Amino acid sequence: MWIYEKSLQHPVKVTRPDVGFAKLVVTQYGGPDGELGASLRYLNQRYSMPTNKAIALLTDIGTEELAHMEMIAALVYKLTEGASPQDYEAAGWGGQYVQHNHGLFWTDANGVPWSAQYIACLGDPIADLTEDMAAEQKARVTYEHLIEMTNDPCVKDMLRFLWQREVVHFQRFGECLNDIQEHMGKKNMWCGCTIKK
Amino acid sequence: MKRKVYNPQAEEKDEPIEIKDQPIEIKVERVEENDDREELERDSMNMWNMNEKYNCQKTNVKMMLAHAYVPWQCYDEAFSPQEALKKGTLFPSLYGVYPIPR
């Protein structure tokens, strides 16, 4: 169950609409290292974690990634606000207008739709947490690339916030991995579920 | 004052022990909001920060080959809530560990 907060986690402001940049930043909505994939990955992997602490961490971060997806959605929407079909065409995103008008869709910067192939769940906590750490690094670098691709200071500011969150999440997943490795080294062999005797 | 503390023995039993009458002081230094120049200085100072203060007690665990580890973070200082919400982290020690994209 979730408690819903009506405000965004961080304000989303744009200086001016920029359909060209919307086409690029949509990758953090539905691209391989985007927020949809991140949230689903963590909220799914949580079930096969051996400690309550790890489950809680994945639930927390997965929830936050949903809030980030909301921020990216607001950003794409604002960047395309009032844009005409010709504006989309000029930005090389005419296909988006034809299929979705001003609606959003989960694709990467090249229009490739989101796929469950972007995420994994092995049911092994060390493998899954290592994947999560890699995912945070990939998302961090994607934000760095995106920040290079825009001149809008408001957009840079908001993307920098999301970038910093990736760094924080990496630290938390790393600490969780420390814990899990210690836990498993001690006494526990994890089979993905508690075996009933 | 009751406070849950980390206790390796407690962890084995999977239940935290509550210690009474043993108040634990956590000193939290507040880093007040800087002006832009100071902020940039801090950023360059923290860049690729390999700070020795992260040798937490907890970090000295036995490490195994072919396993990945991240140093434990110590809670020693904090940004003001306003600045933390702006920056994306409460912790100065986590701010600028990777070069901040501009």
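Student: Is Asp60(A) buried, exposed or partly exposed, and what can be said about the other annotated residues?

Tutor: This is a predicted model, in which local features need pLDDT of at least 70 and side-chain atom pairs count only at pLDDT 80 or more, while totals for chains, interfaces and linings use all residues. Residues are numbered from 1 along each chain as its sequence is written, and chains are lettered from A and ligands numbered from 1 in the order in which they are written.

Asp60(A) is partly exposed, because 14 other C-beta atoms lie within 10 Å of its own; a residue is called buried if 20 or more other C-beta atoms are within 10 Å, exposed if 12 or fewer are, and partly exposed in between, with C-beta atoms placed from the backbone. The residue sits in helix α4 of chain A, where helices (H or I, at least four residues) and strands (E, at least two) are DSSP runs numbered from the N terminus.

Two of them can be followed in detail. Glu35(A) belongs to helix α3, which runs over residues 35-45 of chain A, and it counts as buried because it has 24 C-beta neighbours inside 10 Å. Once neighbours within four places in sequence are set aside, Glu35(A) is in contact with Gln28(A), Tyr29(A), Glu65(A), His68(A), Met69(A) and Ile72(A), a contact being a pair of residues whose C-beta atoms, placed from the backbone, lie within 7 Å.

His68(A) is found in helix α4, residues 52-79 of chain A, and is buried because 24 other C-beta atoms lie within 10 Å. With neighbours within four places in sequence again left aside, the contacts of His68(A) are Glu35(A), Leu162(A) and Arg165(A).

Among contacts in chain A between residues at least 6 apart in sequence, 78% join residues at least 24 apart. The C-alpha trace of chain A spans about 65 × 30 × 30 Å along its principal axes.

Note on methods. Contact = placed C-beta atoms within 7 Å.
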